[in-house]
Amino acid sequence: MTKRFSLGQLVMLVVALVLAAIWLAPIAWAVATSLKPESETTVIPLQWFGSEITFDSYALVLETGGIVKWAINSTVTAVIVTFLTVLFSAMAAYGFARTRFRGQRALLALILAGIMVPPHVLIAPLFAEMVALGLVDTWWAIILPQVAAPLIVYILFKFFQDVPPELEQAAFVDGAGRWRVFFTIVLPLSRPVLAAVSIFTFITTWNNFLWPFLVSTDPNTMTLPVGLANVVQGTFGLRYAQIMASVVLAGLPLLVVFVMFQRQIIRGVAHTGLAGQ
């Protein structure tokens with residue numbers, strides 16, 4: 001028996017297909033341009049396909065730059081930032097959700113204000129701070145400013161408020177301390193939302209270009225977006241095929257991460273209150 005769709009479902013399906021096409025079109029254009037000969041990337045009128053399919057742009061990007069080293073740098077940076085961000089944000093959120101102390105509301109309001117401040121506004125003072133501490137061109141200059149994540153704190157705070165306190169009270173009766181309850185009861189119960197925010201933090205850190213670009217001029221500490229940006233700008237101007245090849249190469253790891261953990265992302269958004277925040 002064929003399933004019939006209501007008018008509302010059909011409208012939602014059409015809207016979803018249109019949005020998917022809008023989202024996929026730039027990706028398809030990037031892939032198509034990366035497979036063109038360089039001389040045909042600026043032909044007017046624009047064409048989706050060139051006279052031939054060539055992988056020369058990929059070969060040039062891989063040969064010219066230390067893409068493997070930059071990918072390792074990005075992976076190390078993203079993993080450390082994700083671990084520290086989730087750990088410290090969870091600790092702060094649990095403190096707000098389960099303890100009462102003087103100035104709590106003011107401090108929580110300050111964190112909420114941090115969500116409203118655009119990150120680019122803080123670039124100048126953060127850079128001056130890194131210079132004063134002598135951390136420019138080090139891993140810490142790239143990592144530390146990205147660990148502060150007010151939005152993650154707020155999301156976890158709202159989630160911890162919904163965790164039944166009776167589970168913790170039972171552990172307290174058995175003699176467990178606050179730290180043990182946090183690491184052995186609260187965090188295991190929070191795995192869906194922790195997985196979701198971890199993946200979002202990893203993707204955001206991996207894609208971050210501006211801050212690593214400002215504080216890392218040493219090729220040994222450059223992340224993948226910064227390194228690829230230096231490769232594609234040659235003495236003869238922009239090379240669009242190589243730019244698009246770099247974009248595709250930089251995006252492949254994120255695609256793999258999303259495919260591997262899409263269930264955790266959907267579960268974290270749908271069942272932990274993340275969608276309503």
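**A helix pair and its setting**

Analyst: Happy to! In this predicted model, residues 24 or more positions apart account for 73% of the contacts in the chain with a separation of 6 or more. The chain has 277 residues, and 36% of them count as buried. Its secondary structure consists of 13 helices and two strands.

Now to the pair itself. Two packed helices are described by the angle between their axes and by the distance between those axes. Here the partners are helix α7, residues 150-161, and helix α10, residues 191-207. Their axes come within 11 Å and cross at roughly 170°. Angles over 145 degrees count as roughly antiparallel, so α7 and α10 are roughly antiparallel to each other. On the α7 side, the contact is made by Ile-152, Ile-155, Leu-156 and Phe-159. Facing them from α10 are Val-193, Leu-194, Val-197 and Thr-201.

One nonpolar surface patch covers about 670 Å² and is made by Leu-7, Val-11, Val-14, Val-15, Val-18, Leu-19 and Ile-22. Of these residues, Leu-19 has its place in helix α1, which spans residues 7-34. With a relative accessible area of 53%, Leu-19 is exposed, since the cut-off for that label is over 50%.

How values were computed. Residues numbered from 1 in each chain as written. Predicted model: local features only at pLDDT ≥ 70, side-chain atom pairs only at ≥ 80, totals over all residues. Heavy atoms only, no water. Patch = residues over 30% accessible without salt bridge, like charges linked within 9 Å, V, L, I, M, F, W, Y side chains within 5 Å. Areas by Shrake-Rupley, 256 points an atom, 1.4 Å probe, with all protein chains shown as cover. Salt bridge = Lys/Arg side-chain N within 4 Å of Asp/Glu carboxyl O. Helix = DSSP H or I, 4+ residues; strand = E, 2+ residues; numbered from the N terminus. Buried < 20%, exposed > 50% of the residue type's maximum accessible area, 1.4 Å probe, protein only. Axes fitted to C-alpha atoms, helices over the stretch in contact; angles between N-to-C directions. Parallel < 35°, antiparallel > 145°, perpendicular 65-115°, else oblique. Contact = heavy atoms within 4.5 Å.
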